[in-house]
Amino acid sequence: MFCHSCGTQVAGDVKFCPNCGQSLAGPPVPSVTPAVPWTPPVGVRAEPSRWISEGWNLVTGDLGNYAAISLIFFFLNGVPFIQGALIAGFHIFTMKKLMGRRSQLDDLFKGFNFFINTLIASLLIGLFVFGGTLLCIIPGLVIAAMYKFTFLFIVDKRMDFWPAMQASHAVVKNDYFGFTMFLLLAVLANILGFLCCIVGMLVSIPVTVAAITVAYKELVGFDARTIEAL
């Protein structure tokens with residue numbers, strides 16, 4: 001279960017949130033909108049170049065903080081089993097930027113509030129992508145594109161790992177080709193960043209994360225509960 005106030009994942013028998021102190025007994029606080037069933041969008045089309053462009057504008061508008069959070073991400077990314085939580089935290093930082101909220105470097109660690117779901121999702125996605133890549137590479141690319149919104153659904157809609165993966169697929173299946181091109185464009189941006197003495201990845205990786213977050217906001221929309229919690 002999750003705290004209704006701050007979104008921290010807590011055990012089912014806990015009466016108070018260890019993060020914010022909010023009582024977990026009874027209904028959610030009045031300022032939080034009750035959960036409603038999520039309906040997948042229909043007929044959407046990917047716009048890779050525009051989303052990458054908007055991600056670029058967002059990152060270059062706050063380049064210092066994005067470079068710093070990318071540097072922390074690089075250093076911690078080698079630690080086993082935490083990549084999913086770090087990606088979720090990166091999305092949280094960008095979500096706050098898009099919502100006009102004050103974003104901070106420690107937002108990167110808020111992804112650990114969703115540690116179990118992000119861990120299982122990252123392991124399953126990695127396994128599926130690996131299996132698809134063995135089938136002549138292209139299936140692996142399509143599968144990777146299918147699940148690009150998974151961590152955003154976990155954070156924003158408070159979904160468990162499997163419903164979040166299914167929801168991401170429900171968005172992407174509207175335009176497999178377009179979303180795969182979106183993934184390839186993001187990969188190309190990171191390759192160019194790597195070629196720029198690796199330092200360029202301090203810009204290219206946050207641009208990729210920002211572009212995915214921008215696309216999610218446009219296609220799915222942020223949940224009112226998340227806006228309040230962040």
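Guide: From the N terminus on, the elements of the chain run α-α-α-α-α-α-α-α-α-α. This is a predicted model, in which local features need pLDDT of at least 70 and side-chain atom pairs count only at pLDDT 80 or more, while totals for chains, interfaces and linings use all residues. Residues are numbered from 1 along each chain as its sequence is written, and side-chain values use heavy atoms, with hydrogens and water left out.

Visitor: How do you know how many helices and strands the chain has?

Guide: Helices are DSSP runs of H or I with at least four residues, and strands are runs of E with at least two; on that basis the chain has 10 helices and 0 strands.

Visitor: What makes α4 roughly antiparallel to α5?

Guide: Helix α4 (residues 115-134) and helix α5 (residues 138-146) pack at an angle of about 155°, with their axes 5 Å apart. Axes are lines fitted to C-alpha atoms over the stretch in contact, and angles run from 0 to 180 degrees between N-to-C directions. Because the label roughly antiparallel applies over 145 degrees (under 35 is roughly parallel, 65 to 115 roughly perpendicular and the rest oblique), α4 counts as roughly antiparallel to α5.

Visitor: Which residues of α4 and α5 meet?

Guide: F128, V129, G132 and T133 of α4 meet P139, G140, I143 and A144 of α5, where contact means heavy atoms within 4.5 Å. G140, I143 and A144 are also among the buried residues of α5, together with A145 and M146, and the buried residues of this helix pack against α4, α7 (161-172) and α8.

Visitor: Why is α2 called roughly antiparallel to α3?

Guide: Helix α2 (residues 63-77) and helix α3 (residues 83-98) pack at an angle of about 170°, with their axes 10 Å apart, and that angle makes α2 roughly antiparallel to α3. On the α2 side the contact is made by N65, Y66, I69, S70, F73, L76 and N77, and on the α3 side by Q83, L86, I87, F90, F93, T94 and K97.

Visitor: Why does T94 count as buried?

Guide: T94, which is found in helix α3, has 0% relative accessibility and therefore counts as buried, since buried means under 20% relative accessible area, exposed over 50% and partly exposed in between (1.4 Å probe, protein chains only). Leaving aside its neighbours within four places in sequence, T94 is in contact with L58, Y66, V209, A210 and T213.

Visitor: How do you know whether F81 is buried or exposed?

Guide: F81 lies in the loop between α2 and α3, and its relative accessible area of 55% is the reason why F81 is exposed. F81 also has a positive phi of about 75°, although it is not a glycine.

Visitor: What makes R158 buried or exposed?

Guide: R158 has its place in the loop between α6 (150-156) and α7, and, with a relative accessibility of 17%, R158 counts as buried. Its phi is near 55°, a positive value in a residue other than glycine.

Visitor: What share of the chain is made up of buried residues?

Guide: Buried residues make up 47% of the 230 residues in the chain. As for contacts with a separation of 6 or more, residues 24 or more positions apart account for 66% of them.
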